[in-house]
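Trainee: I would like a close look at one part of this chain. Please take me through it step by step.

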Amino acid sequence: MPLRQSLGISLLLLISLSACDRLGLPDPARDAAAKESDARATGSACRHAGRAIEDCYALNPDAARAAVYAGWKEMNDYMRENKIDVVKPELAKSDASSKPEEASASASAKAEK
């Protein structure tokens, strides 16, 4: 019977330890790995967009510089080997300040008719 009890206790302990991530307990190693992979991805994206490494550091001050640089360098080497051109980011420029004025002018013009 003692063997059966120790086996049961061992099994319960194993099951409870396997569910630690579901309990929401913080895992510093996993958090550090996630931050490093995010910083590497940021550096890689900066290089693909044609940004200098210094600009990447300035735009992402919370990211670890060593990981940002590693991602930037990996992408640089990859782009050179495969002859990939830089992709310039194209964001739609919004004229937020002029849109409300235009909307109010057109609304008042419609109201006058």
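Leaving out residues up to four places away in sequence, which residues does S44 touch?

Mentor: This is a predicted model, so keep that in mind as we go. S44 touches G71, W72 and M75, once residues up to four places away in sequence are set aside. Start with where S44 sits. It lies in helix α2, which covers residues 28–48. Is S44 buried or exposed? Its relative accessibility is 18%. Buried means under 20%, so S44 counts as buried.

Several residues of α4 are buried: A67, V68, A70, G71, W72, M75, N76 and M79. G71, W72 and M75 are on that list, and S44 touches those three. An α-helix has 3.6 residues a turn, so residues three or four places apart point the same way. What covers the buried residues of α4? The cover includes α2 and α3, the latter being residues 53–59. Just after α4, K83 takes a positive phi of about 55°.

Next, follow V68. Its contacts, leaving aside neighbours within four places in sequence, are A39, G43, I53, C56, Y57 and A63. V68 also belongs to the largest nonpolar core. That core has 8 residues in all: A39, C46, I53, C56, Y57, A67, V68 and W72. Helices α2, α3 and α4 each give two or more residues to this core. In soluble globular proteins, nonpolar side chains tend to be buried together.

C46 and C56 form a disulfide, with their sulfur atoms 2.3 Å apart. The pair links distant parts of the chain, C46 in helix α2 and C56 in helix α3, 10 residues apart. The link is right-handed, with 80° about the S-S bond. C46 counts as buried because its relative accessibility is 7%. C56 is buried too, with a relative accessible area of 0%. A search of the whole structure finds 1 disulfide.

Finally, step back to the whole chain. It has 5 helices and 0 strands. Of its 113 residues, 15% count as buried. Take contacts between residues at least 6 apart in sequence: 63% of them join residues at least 24 apart. The accessible surface comes to about 9,500 Å², and 58% of that belongs to carbon and sulfur atoms.

Note on methods
Residues numbered from 1 in each chain as written. Predicted model: local features only at pLDDT ≥ 70, side-chain atom pairs only at ≥ 80, totals over all residues. Heavy atoms only, no water. Helix = DSSP H or I, 4+ residues; strand = E, 2+ residues; numbered from the N terminus. Buried < 20%, exposed > 50% of the residue type's maximum accessible area, 1.4 Å probe, protein only. Contact = heavy atoms within 4.5 Å. Areas by Shrake-Rupley, 256 points an atom, 1.4 Å probe, with all protein chains shown as cover. Core = buried A, V, L, I, M, F, W, Y, C linked by side-chain atoms within 4.5 Å. Disulfide = S-S within 2.5 Å.
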